[in-house]
Amino acid sequence: MAVMNWLSIDVARKSYGPKSYDKGARADRDGAVSEAPTAVLENVALSIEYGAFVCILGPSGCGKTTLLNLVAGLDKNFVGNIALRATRAQREARIGYVFQSPALLPWRTVGENLKLVMRPDQTGSGVERELLSQMGLADCYDAYPRDLSLGMSRRVALARALVIEPDLLLMDEPFVSLDESKAAELRQLLMRFWKARTMTVLFVTHDSREAIQLGQRIIVMAGSPATVQRDEMVILSPEQREDPLYIEALRKQILNHTGPQL
Ligand SMILES: Nc1ncnc2c1ncn2[C@@H]1O[C@H](COP(=O)(O)OP(=O)(O)OP(=O)(O)O)[C@@H](O)[C@H]1O
């Protein structure tokens, strides 16, 4: 049974103070620099059901990573509330995060990078080796990140997020900078894992075609501060999601009123 409102996001406002180099720090006529915070997100209210695959689509710099960091609990400095329900086993929900860059520890092997995030009860189970082999990385267990291609590093980053068996998987443009065939392989791999496990995915992208290929639901964010511009269910078969005609029709429908070219 679908758990409605499993993840409830209500961000009234998220602002940043100016960075030292930030153009947002405005100098007045006497040259004094304004310390006024810049609002990045405003009135972002979303309810996400357990097990859903949701894409967050928006132009570069609109605040998608900021939103994921709030959901991950990495940034608590905002006005609003984010609530994640416990899972059926009545334990706290587990969150996996695939960052925009693979962010593997360079002085640790692939196997060690996974072991570092594993729960105490997983120690010695060999689950990391099994997962790497399911992901076509069996031979990389003892390799160091410097020996991996970008595609393999991104696979390892996905494995590191999956090894804890997350209830919520946050993904921040995880396949960016890959050539299309490698990105397509990784999208298929991700879909395989999402279908085989019960987990909710929040997948950030600025690529509307990627969002249509993956998402059951697409949330379009834009504006400054960013708000939710559209919230669309995608009811397409796996074959239709690969068909340029369906993809273009849905892109028109979703992006028609939003302005940004995505
Ligand atoms: N720590 C910070 N301090 C100040 N401003 C920040 C900070 N992090 C992000 N920003 C600003 O907030 C805005 C949103 O950034 P964010 O990285 O969330 O956008 P994004 O949609 O994920 O962009 P991209 O797709 O390029 O990663 C940008 O203007 C960025 O410069």
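Colleague: So which helix gives the most to the shell around the ligand?

Modeller: That would be helix α1, residues 64-72, which contributes three residues to the shell. Bear in mind that this is a predicted model.

Colleague: Thanks. And which residues come nearest to the ligand?

Modeller: There are 12 residues around the ligand, and Tyr16, Ser60, Lys64, Thr65 and Thr66 come nearest.

Colleague: What's the make-up of that shell by class?

Modeller: Seven of its residues are polar, three are nonpolar and two are charged.

Colleague: Why do residues three or four places apart point the same way in an α-helix?

Modeller: Because an α-helix has 3.6 residues a turn.

Colleague: Good. What does the backbone do just after α1?

Modeller: Glycine 73 sits there, with a positive phi of about 85°.

Colleague: Let's zoom out. How many helices and strands are in the protein chain?

Modeller: The protein chain has eight helices and nine strands. It has 262 residues, and 30% of them are buried. Taking the contacts with a separation of 6 or more, 73% are between residues 24 or more positions apart.

Colleague: And the sheets? In what order do the strands of the six-stranded one run?

Modeller: The order is β5-β6-β7-β3-β8-β9, in an open sheet with mixed pairing. The edges are β5 (95-98) and β9 (227-233); each has a single partner strand, so one side of each lacks a neighbour in the sheet. From one strand to the next, the twist averages 15°.

Colleague: Is the β3 and β8 pairing parallel or antiparallel?

Modeller: Parallel: strand β3 (residues 53-57) and strand β8 (residues 217-222) are joined over four bridges. Valine 54 is opposite arginine 217 of β8 there.

Colleague: And how do β8 and β9 pair?

Modeller: In the antiparallel sense, over six bridges. Alanine 222 has threonine 227 in β9 as its bridge partner. The two strands form a hairpin with four residues between them, where glycine 223 has a positive phi near 100°.

Colleague: Which residues does the cis peptide bond join?

Modeller: Serine 224 and proline 225, with omega about -5°. Proline 225 belongs to the loop between β8 and β9.

Colleague: How many bridges do β1 and β2 have?

Modeller: They pair over nine bridges, and tyrosine 16 stands opposite threonine 38 in β2. Tyr16 is also one of the residues that come nearest to the ligand. On the β4 side, strand β1 (residues 7-16) pairs over six bridges. Leucine 7 faces leucine 84 of β4, while arginine 13 has valine 79 as its bridge partner in β4.

Colleague: Why does glutamate 173 count as partly exposed?

Modeller: Because it has 19 C-beta neighbours inside 10 Å, and a residue needs 20 or more to be buried. Serine 177 is exposed, with 12 other C-beta atoms within 10 Å.

Colleague: Last one: is leucine 162 buried or exposed?

Modeller: Leucine 162 is buried, with 23 other C-beta atoms within 10 Å. It sits in helix α4 (residues 150-162). Apart from neighbours within four places in sequence, leucine 162 contacts Gly96, Leu131 and Phe193.

Key: Residues are numbered from 1 along each chain as its sequence is written. This is a predicted model: local features need pLDDT of at least 70, side-chain atom pairs count only at pLDDT 80 or more; totals for chains, interfaces and linings use all residues. A residue is near a molecule or strand if its C-beta atom, placed from the backbone, lies within 6 Å of it. Ala, Val, Leu, Ile, Met, Phe, Trp, Tyr, Cys and Pro count as nonpolar, Asp, Glu, Lys and Arg as charged, and the others, Gly among them, as polar. Two residues are in contact if their C-beta atoms, placed from the backbone, lie within 7 Å. Two strands pair if DSSP finds at least two bridges between them. Axes are lines fitted to C-alpha atoms, for helices over the stretch in contact, and angles run from 0 to 180 degrees between N-to-C directions.
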